Amino acid sequence: MRNAHKNRVKFFSIVIFLFALNYLWFRNIEFKSLMGDDLRSWSFYQGKGFYDAVLMNFSGNKYRPVFNLIQFTLFSVFKADYQAFVNVNIIFNCVVIFFVFLVLLNITKKNYIVSTLFTSLYIFSQFSYYNIYQLFGLMEGFCLLFLVLIVFFSLKFVQTRNNYNLYLVFLFNLLIVFTHERYLCLIPFLLSFVFLMDSKFILKIRYSLYIIFPFALNIFLKTYLFKINFLEGTGGQQIGLDFRSILIFCAAGVLYMFGFNAGPAYLNGIFLKDASVYTNLLCGLVIVITVFLIFNYFKKTKKIDYYKILTIAILFFALIGISSITIRQELRWIYAPYIIFLFVIAYLLTRISSKRMLIIIASMFFLIVMKNDLYYRTYLSNVFFIYSQEIANSFYEETVEKYKEELPKYKIIVQKNPELDWPIAESMFFKQYYKESINLDLVDDINSIYESSYDKNKVIILAFDYPKRKFSNITAKIEEKNELSKLKVQKKLIDDFSEATISPGNVDLPTPNGKGGFTLEENDGFNSSKNVTIISNYGILFDNVKIDLGNELFVSYYMPYEISDGAKVGIEISDGDSKRIIYEKNVLPNDNVLNSKIDLNLYEGKNVGIRLFVSSPSGDQTADWVSFKNISLISE
């Protein structure tokens, strides 16, 4: 009785620990908006009732009533709250974790160390991120749960011969097929499982009909009721049998099991030839350990159950194969065979007779795979749905977050980029925030809007910098160019920066040239420029500047670093022995580019010194840098 209580405490303590790992591993990445397929799905469900949204929903030539019901429920409860969906995914992943742990305990004969380590690898896997950070990841999560439950109850049936467990296998097979049709691939595994078990032939036929029923129903509903393609691949591409492509993808799928990133970086973060040599060597070591475990199994097992090996091989390669028949191989599809791979390795470990050696090899396997998963995590921003979320985040921040309820009053002009099509979906993006329609105009060439007529007080012009996945508001820059185009520039003082005097003349400062004034390169996706930059308590002097009749001084500036608490910009004119500050203005990091024209009529016909300086009103000089994009003498 005491041992049973102790085991329950141990079991639930480890489960809670695994749940905590799950939360800590995924909580650090925070996005704000639905985008991509999730956004389109949310838009599709708006205004639809249960019948149209769940039972008769075959959008995209897919019929998935189980997940339709889940999405319909979630959209009804959480609307378009992206973070709520991520929290649901993290919580649901705990359910999958629980059953993965149960299966591992079963096949390792309650080896808690191996089961805990390998359940942790399920959590940390580089295949996991889609399941958490995309709403459609919940569909993948439910499929993984049903798959794990099929394995779990198959094991229970083998161990108990209780038909209740077998009927649960058939139930979860039905559910998984109508969650994602990809899992029709389980039919060969289930049929082999039924026909290789010790039972009457008539029962095997009956069980086979239960297994084939979801397949037949799927064909009937799609082909005869909805009149859509029976199978359609990702991206709306009809599945074709290109055997060369399938073999390449299958080989890549097997390499993924050992940690090799055998696919393009936009799917996995970094291609294997670009990964570090150390990482690829560790992947090779995983192969060595796997081969050793297989060799040890055949050496130590007196009576080898080849039927069991065949059944497991059919399951594994069916899952690998179904992930390889469309135009690309996404990591979320590799997650299912990877779970089976972990189950097999965990089982093989238990065939090691020395407990000490078992723990050493299990720990070594865990540390190697964990090290590689940590390495691949650093390249997560290269994966398409992560960088697309970053794009959506930036778009949200530059529009919804800044302008809030005022945004519908503005016209938004955005430079076209093919990387924006999927995450933003044009004006659909704003439907999750506003009932009013948003005037969004995508232009091929942002320069073409210079001469366009628009109300400059009701327009937002955004440039997109793809390498940084960032939008920048260039409305003020456009206005500056329009304004400058109306002015006659007499002299660009900014071009004479190399001859200007920096004061004080200190060197060895933490700046690009070690001085208090320097040029700072800027590229905002709109254009690139080298701006004269001054740090707090320093200034630059343009000496002996001739002021002609009607001249004004035009300056354009901003603060490049957000961590600053603000600074003050000043301009001082020296005329002989006389000095006078003619301009002072406080500036904050979140200000757009500030443009100012300063009257110089007191100095017409004179040669003067023009000194620009920066100070810190608060006394905190941290990052109090001001970049000047333009310093010119102009005339109307």
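Which residues does Ser 323 touch, not counting residues up to four places away in sequence? The residues are Arg 328, Gln 329, Trp 333 and Ile 334, where contact means heavy atoms within 4.5 Å.

## Basis of the report

This is a predicted model, in which local features need pLDDT of at least 70 and side-chain atom pairs count only at pLDDT 80 or more, while totals for chains, interfaces and linings use all residues. Residues are numbered from 1 along each chain as its sequence is written, and side-chain values use heavy atoms, with hydrogens and water left out.

Ser 323 is found in the loop between helix 15 and helix 16. Helices (H or I, at least four residues) and strands (E, at least two) are DSSP runs, numbered from the N terminus. Ser 323 has a relative accessible area of 0% and is therefore buried; the term buried means under 20% relative accessible area, exposed over 50%, and partly exposed in between (1.4 Å probe, protein chains only).

The side chain of Ser 323 makes a polar contact with the side chain of Gln 329, at 3.4 Å. A polar contact is a pair of N or O atoms within 3.5 Å; within protein, one must be able to donate a hydrogen and the other to accept it, and residues adjacent in sequence count only if both atoms are side-chain atoms. Leu 147 is 176 residues from Ser 323 along the chain, and the C-alpha atoms of the two are separated by 15 Å.

## The largest pocket

Rolling a probe the size of a water molecule over the atoms shows where empty space is left. The search uses a 1 Å grid over the protein atoms alone: a cavity is a set of points where a 1.4 Å probe fits but cannot get out, and a pocket is an open set with protein on both sides within 12 Å along at least five of seven lines; lining residues have an atom within 4 Å of a point. Grid points are joined across faces, edges and corners, and a volume is the space filled by probe spheres set on the points.

The largest pocket holds about 1,400 Å³ of space. Its lining consists of 43 residues, of which Lys 308, Ile 309, Ile 312, Val 344 and Tyr 347 lie nearest the centre. Two or more lining residues come from each of helix 5 (82–107), helix 8 (137–160), helix 10 (186–195), helix 12 (243–258), helix 14 (277–300), helix 15 (306–322) and helix 16 (331–349). Helix 15 provides the largest share, nine residues. By class, this lining has 30 nonpolar, six polar and seven charged residues. Here Ala, Val, Leu, Ile, Met, Phe, Trp, Tyr, Cys and Pro count as nonpolar, Asp, Glu, Lys and Arg as charged, and the others, Gly among them, as polar.

## Cavities

The structure holds three cavities of 30 Å³ or more. About 150 Å³ of space lies in the largest cavity, which is lined by 16 residues; Gln 126, Leu 267, Leu 331, Val 383 and Phe 385 lie nearest its centre. Its lining draws at least two residues from each of helix 7 (129–133), helix 13 (265–268), helix 16, helix 17 (355–377) and helix 18 (384–403). The lining has 10 nonpolar, three polar and three charged residues.

The second largest cavity has about 90 Å³ of space. Among the residues that line this cavity are Gln 126, Tyr 256, Tyr 338 and Asp 373. Helix 17 gives the most to the lining, with four residues. By class, the second largest cavity is lined by seven nonpolar, four polar and one charged residues.

## Cysteines

A disulfide is a covalent bond between the sulfur atoms of two cysteines; in the search, it is a pair of cysteine sulfur atoms within 2.5 Å. Zero disulfides are found in the whole structure. Cys 94 counts as buried, at 14% relative accessibility. Cys 250 is also in no disulfide, and the nearest cysteine sulfur, that of Cys 185, is 11 Å away.

## Ser 632 in strand 15

Ser 632 is found in strand 15 (residues 625–635) and is buried, with a relative accessible area of 1%. Its side chain makes a polar contact with the side chain of Asn 630, at 2.5 Å. Leaving aside neighbours within four places in sequence, Ser 632 is in contact with Val 489, Lys 491, Lys 492, Leu 493, Glu 552, Leu 553 and Phe 554.
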